[in-house]
Amino acid sequence: MQQNKNQTLTQEINKTIEVLKNGGLILYPTDTVWGIGCDATNEEAVKKIYSLKKREDSKALICLVANDFMLENYVEKVPDAAYDIIDLATKPTTIIYDNPKKIAKNLIANDNTLAIRIASDQFCEYLIKKFKKPIVSTSANISGFPTPKSFKQISNDILKGVDYIVNLHRDKENKSPSSIIKLSNNGIVKVIRD
């Protein structure tokens, strides 16, 4: 049974990576809610997400990374406090960092910040490690509409608008979105979403 489960996971990861490499959009289960994702270094793919969500590209999106090492690769300087927050968090926590680098320009907010979360979900972690780049993660809804609590609640516009739907965890009820904390290099910490 375990072997079949691992085989399914591997197959889904490989199919998903193929779509990401080709600049496509994925619909996938994350450590919080179902998300729309793409290669976070591909500006054209990021544009497709803004278009699908009918969202202004001035509203930044969250990126997922696999671990601390990957995080350090895409942020100029990770403040020491970030590691404490990551280690002590009791639920998925997204941190907004100053001075992101090597990332699609249209993901970076006007104040030169980027929201990043280290994925705590097995599928996401394996996917990102194998893809070797951050992946965008934004809730699977049209901007202004409620975030779906389960796969069944995702609208047809979103289902038809992505290039691949990951075939895992479709029966799972989602938790709430992540906490969001803004952590400036000058030491200021601000809770954006609890």
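Colleague: How many bridges join strand β8 to β9?

Modeller: Keep in mind that this is a predicted model. Strand β8 covers residues 179–183 and runs antiparallel to β9. Bridges joining the two: 4.

Colleague: And which residue in β9 is the bridge partner of I180?

Modeller: Look along β9, which spans residues 189–193. The residue there that pairs with I180 is R193.

Colleague: Which strands stand at the edges of the sheet?

Modeller: The sheet is open, with 9 strands and mixed pairing, in the order β7-β1-β2-β6-β3-β5-β4-β8-β9. The edge strands each have a single partner strand, so one side of each lacks a neighbour in the sheet. Those strands are β7 and β9.

Colleague: Which of the elements has the lowest mean pLDDT?

Modeller: For the protein chain, mean pLDDT is 92, with 97% of residues at 70 or more. Among the elements, strand β7 (residues 164–165) has the highest mean, 98. The lowest, at 86, belongs to β9.

Colleague: What angle does helix α4 make with β4?

Modeller: Helix α4 takes in residues 80–88 and lies across β4, β5 and β8. Its direction relative to β4 is about 175°.

Colleague: And helix α5, what angle with β1?

Modeller: Helix α5 (residues 122–131) packs on the sheet, where it touches β1, β3 and β6. With the direction of β1 it makes about 135°.

Colleague: Which residues touch the most other members of the largest nonpolar core?

Modeller: That core has 56 residues. Beyond four places in sequence, L107 contacts residues including V46, Y50, L61 and V136. The residues touching the most other members are L27, L107 and F123.

Conventions. Residues are numbered from 1 along each chain as its sequence is written. This is a predicted model: local features need pLDDT of at least 70, side-chain atom pairs count only at pLDDT 80 or more; totals for chains, interfaces and linings use all residues. Side-chain values use heavy atoms; hydrogens and water are left out. A nonpolar core is a set of buried Ala, Val, Leu, Ile, Met, Phe, Trp, Tyr and Cys residues joined through side-chain atoms within 4.5 Å. Buried means under 20% relative accessible area, exposed over 50%, partly exposed in between (1.4 Å probe, protein chains only). Contact means heavy atoms within 4.5 Å. pLDDT is the predictor's confidence in each residue, from 0 to 100. Two strands pair if DSSP finds at least two bridges between them. Axes are lines fitted to C-alpha atoms, for helices over the stretch in contact, and angles run from 0 to 180 degrees between N-to-C directions.
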